[in-house]
Number of protein chains: 2
Amino acid sequence: MIKVNFKSNNKEVYCEKGENLLEVARKAGIFIDAPCNGNVSCGKCKVKLLRGNVDTEKTLHIKDEEWEQGYILACNTKVVEDIEIEIPSKLSSSMHGMKIEGSDKKKDKEIFDRAKKIIEENDFEFKTNIVKSYIELEEPTLDDNICDIDRLERHVRNNLGFNEIDFTMELLRKTPVALREKDFKVTITYVKKKNKLTILNIEPGNTEGELYGVAIDIGTTSVVVCLVNLYTKEVIDKASSGNAQIKYGADVIHRIIYSTKKNGLDELNKAVVDDTINSLLESIYTKNNIEKDNVVSLVVAGNTTMSSLFLGVHSDYLRQEPFIPAFLKSPRLIGKDIGLNVNNSAYVYLAPSVASYVGGDITAGVLSAGIWASEENVLFVDLGTNGEIVFGNKDYMMSCACSAGPAFEGGGISCGMRASGGAIEKVNIDKETLKPELTIIGDGEPVGICGSGIIDLICKMLLTGIIDRRGKMHRDIDNDRVRFNEHEIGEYVLAFKEEYNIENDITVNEIDIDNFIRAKGAIYSGAATLIESLGMDFSVIDKMLIAGGIGNNLDIENAILIGLLPDIEREKFEYIGNSSLVGSYLTLISKDAKKKLQEIGNEMTYVELSVYPSYMDEFISACFLPHTNIEQFPTVKELLEG
Amino acid sequence: MIKVNFKSNNKEVYCEKGENLLEVARKAGIFIDAPCNGNVSCGKCKVKLLRGNVDTEKTLHIKDEEWEQGYILACNTKVVEDIEIEIPSKLSSSMHGMKIEGSDKKKDKEIFDRAKKIIEENDFEFKTNIVKSYIELEEPTLDDNICDIDRLERHVRNNLGFNEIDFTMELLRKTPVALREKDFKVTITYVKKKNKLTILNIEPGNTEGELYGVAIDIGTTSVVVCLVNLYTKEVIDKASSGNAQIKYGADVIHRIIYSTKKNGLDELNKAVVDDTINSLLESIYTKNNIEKDNVVSLVVAGNTTMSSLFLGVHSDYLRQEPFIPAFLKSPRLIGKDIGLNVNNSAYVYLAPSVASYVGGDITAGVLSAGIWASEENVLFVDLGTNGEIVFGNKDYMMSCACSAGPAFEGGGISCGMRASGGAIEKVNIDKETLKPELTIIGDGEPVGICGSGIIDLICKMLLTGIIDRRGKMHRDIDNDRVRFNEHEIGEYVLAFKEEYNIENDITVNEIDIDNFIRAKGAIYSGAATLIESLGMDFSVIDKMLIAGGIGNNLDIENAILIGLLPDIEREKFEYIGNSSLVGSYLTLISKDAKKKLQEIGNEMTYVELSVYPSYMDEFISACFLPHTNIEQFPTVKELLEG
């Protein structure tokens, strides 16, 4: 056996001679970012060899200087003797580490309030069917010695008017002690269903005010949980982190492939449930002093693959023709079924999917976007790892999906990060000096760049002539912020380490830009193909809603300039944030909204883009700034050429 | 840290100086029999010190010869330095080891057939509501690409006439692969409920004949599982073992006390579910080549404490006045809730209890005994660790419980064992030579003695004058089979080691006899008090049914002679075996029987013996052979005195 010492993780691992270093790390539960899942194509799994020799090769992703310092790609390395490894920490923790949101509470509130208005405008009730009641039972005696459960049922029958109670084994296990802690005075949490009362929780004493729910958005790249007071319907707190499944691949296809390996499905399931969601819940409970047993309702939205892996369901048929999901609608689930860090009897509801590549994140997003109630034609675009697009109004809704990759969420970009503290979310570049002016989320040093920042950056690099319309850097620029490595790959320095006293320069290179252009090309061409499939064009759009966790400072003008969004009237645009999360929130606080969400799932039509021969052409044309056919972007044409 | 080497278990354990040796063994999962739970009162936890010194004391339970050899009581020993320990293996494994029954299949069949007759005589249907159907679905295409679950539902709607299907996450997890293994030809196992069909299992191909259930009797001392073909209703196999909870105490009171310790409840739950039931199921599946997912229904009967610990429910209030059980009726349960080694969605039904000390074993026993349908007065006695007694007929049923201890099941007797291979089940003693003639279950050497054997033995020892009516050995017998140790405790040798080429002599001593007399005294006085409480006496009994796993050769005449059973007409007696198991079996194979079981649970009256001042007097009078007042046993009086 050979010993691998992951020094940065304080962990020694044993493996066989010849084992792949990335696999060794994964088996030991050590996170090394590998969006391409070990294909030696993304270059993200760069680690530093501190001691010993390995069987590896220098690749395009490793600069001469790095090679000399011992940097290697873990996925391209075989272990042949005892070694010591260091995993560069800063970016990976900012990309995947946990964060309790806080700084943007005001913007958040606007977005949630906008959603609540939709409930009100459609006369939906802000009402769930979960209730708490404080009750005082008679204490048992030798003469009145019925069992605890019968005593509870007798009280409910005599005082709350239900004939029968229903309860889980979890409740049964708590009942004897809970009843006696405060002399048979308890608070029960229950759901009313016709003549029957299902008890979810029992607590000693009066805890009537404490009743919580959680809305969760499971993105391929990021996961957000949102704690809600079920009495006031207020959002109490929000927390987000990278989806810990990332170590098994950056996109859904790579995850599905990994899920077919031995224990792969279990590992993916554990990664999202335990390592991501349960950790987020734990920290949000601690911060807000919440008892997990008082969290009795969850609504979870994710794309079809994320939903499937969340339940640990075999997912391989999602990617094999004829692309059949195992399920679209959620089975009846309780917290314990999934091992969630909530009340074991908590109701867990998954937003319904529409097809293999239009999932619950989109039905929830459409719910919060209000397309189903709109007289106007709405184009809804969710900028995620999977880009999903919905077009329609109250009479019909068409949807499609395209694989954008994680660029909008900071993934696939060498210095990319989620829209959290330290993220550059806005960039201006001085035309003369090429010096950038950065707007950073939170106070402090820049750590990386988030989606809205990348959009700004590429736009400004184009306008200042740093890059051309192909996204390539002009070779004749004489400025220390524009430099080329030995492979002739150009990069632009957003922040010198000396400027901010940070560990490394923050740069964006031509590979990053290429990744981004393909992402925005996928979105634009997908939207165009969807609308064309109806015999229409972008001119029919009355309203365009942009969703996704790209940051709170999406500059629509810049997004059009680079060809992400169509060149239509600016007042038609609105950025609605993480609409999947907001839709989950609405579903959590309103039975009527939940009913509507189910209807959306049933009624939305799915359009398979790949059957449109024009789609591939559209995509290739769109992989340009803003587009090969600049006539589609008249205002950009004027700006660039005029 | 100090090292304890349990040599017989090949296990080294570390502990703190001063720790109790029994506790050290328990923590390490090493079984040392300790019925008294470490009170230094039963002497069963005798182990041999091979190396090192300990802090211990010689007690009554250790003979001089043993003390010299290094025998100590684990519960009475503190570890002070590194030691090596040997645990005597033979008896403990025969008492608690697992056994697939087989030898007594014929007698078993008689007992189960007797029970089936009750179903027939009462016009109950042999019918459960679990069905299997082989179905052939249409294979998905790009044009017919509905999800797997919807495809299943569509087929069920079109072909089986149900509007809706209901399923668990477990089923969802199996569905995608099961459907595709044999081209969308599958067999589903389901329960029909009104317009809804709940699917429990899905299997590739046609497996329509394979559908099984399990009836389980959880005794305080022994556990029996019984595999049943749900199509033919035939018993396929039976297996039994000691209840692994025994290491935490021999009776329910000691178990409850242990359950209040840290992790105690979990340990007790795991002991019965994992270590006992799941192991039995595993071996019975292997032997009969059964797929665990085809086991879809379970009926479990146990006393109130066993039921409570089986579900992992806090049980301490069962033993504290006013003696309140957490529940009497089973909540809705599936296999997964309890972690049983069956289909995760299998229905698990617990026989209802009546009170803290009359449990599901008695309601199930009464079901199989048929008291509820009887015109005659029936006295039903279950000879278990808890002795329960029911008196009544089709119009009323009264029940009570008394703590008999495990003697009838071979516990509490130094050479006692369950009624399985190697057990002495019948004894005759030659009046002249005092040499015993043994009938042994199975072929082979004697290992110990079971309940029916002890009854015979004590009877014969009384008749041959080895013991007197107090159960004490006559001091003046000159025979090598009767001997006294240095504490003046007499013992009778059932088998010299030389006779059978066994490791040790098999003996019964005065302490064993005393334990047994108290057990039989508890039963007799309990029955007498129950009937007296109704203003009647034993003469009103038309039928007397004896239940319990004491062996298949209960000699009624001998049982009367020692005063276990009342001295009434012999033709009124019937031994009906493990009636709790048989009742579970009936409940498993007939919906009507299940309904009747619930009625029995609701309608049976519980009589608390301890509130009858006469009970204690009755008990003390009954701790004699056959009774202090021999006038209550006229035929015995004649035999002994006449």
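Reader: Let's start with accessibility: how much relative accessible area does Glu557(B) have, and how do I read the value?

Author: A residue counts as buried under 20% relative accessible area, exposed over 50% and partly exposed in between, with a 1.4 Å probe and protein chains only. Glu557(B) has 41%, which makes it partly exposed. Arg570(B), at 25%, is partly exposed too. Before we go on, this is a predicted model, in which local features need pLDDT of at least 70, side-chain atom pairs count only at pLDDT 80 or more, and totals for chains, interfaces and linings use all residues. Residues are numbered from 1 along each chain as its sequence is written, chains are lettered from A and ligands numbered from 1 in the order in which they are written, and side-chain values use heavy atoms, leaving out hydrogens and water.

Reader: What links the side chains of Arg570(B) and Glu557(B)?

Author: A salt bridge, meaning a side-chain nitrogen of Lys or Arg within 4 Å of a carboxyl oxygen of Asp or Glu. Here the N to O distance is 2.7 Å. Helices (H or I, at least four residues) and strands (E, at least two) are DSSP runs numbered from the N terminus. Glu557(B) sits in helix H15 (556-561) of chain B and Arg570(B) in the loop between H15 and strand E29 (573-577), so the pair ties together parts that are 13 residues apart in sequence. Salt bridges can also share partners, and in chain A they join Lys63(A), Arg483(A), Glu491(A) and Asp505(A) into one network.

Reader: How many salt bridges does the structure hold over all chains?

Author: The count over all chains is 73. Arg114(A) is partly exposed at 22%, and Glu574(A) is partly exposed at 24%.

Reader: Now the interface: how much area do chain B and chain A bury between them?

Author: Buried area is the accessible area (1.4 Å probe) that two parts lose on being put together, summed over both. Here it is about 3,400 Å², with 65% on carbon and sulfur atoms. Contact means heavy atoms within 4.5 Å, and this one takes 37 residues from chain B and 37 residues from chain A. There are 2 salt bridges between the chains. Asp166(B) and Arg332(A) form a salt bridge at 2.4 Å, N to O.

Reader: Which elements of chain B each supply at least two residues of the side that touches chain A?

Author: They are helix H5 (148-160), strand E10 (164-167), helix H6 (169-181) and helix H10 (335-338). H6(B) gives the most, with 6 residues. Counting Ala, Val, Leu, Ile, Met, Phe, Trp, Tyr, Cys and Pro as nonpolar, Asp, Glu, Lys and Arg as charged, and the others, Gly among them, as polar, that side of chain B divides into 23 nonpolar, 4 polar and 10 charged residues.

Reader: How do I read the faces of a helix? Which residues of H18(A) are buried?

Author: An α-helix has 3.6 residues a turn, so residues three or four places apart point the same way. In H18(A) (residues 614-622), the buried residues are Tyr615(A), Glu618(A), Phe619(A) and Ala622(A). Seen down the helix axis, they fall within an arc of 100°, so they line one face of H18(A); the arc is that of the directions from the helix axis to the C-beta atoms. On the other side, Asp617(A) and Ile620(A) are exposed.

Reader: What do the buried residues of H18(A) pack against?

Author: Strand E21 (397-403) and helix H14 (510-533) of chain A. Ala522(A) lies in H14 and is buried, at 2%. Leaving aside neighbours within four places in sequence, Ala522(A) is in contact with Cys402(A), Ser403(A), Ala404(A), Tyr615(A) and Phe619(A).

Reader: Last one, backbone geometry: what kind of peptide bond joins Leu625(A) and Pro626(A)?

Author: Most residues other than glycine have a negative phi, and most peptide bonds are trans. The bond between Leu625(A) and Pro626(A) is cis, with omega about -10°. Pro626(A) is in the loop between H18 and helix H19 (634-641) of chain A. As for phi, Leu434(B) has a positive value near 60°, and this residue is buried at 6%.
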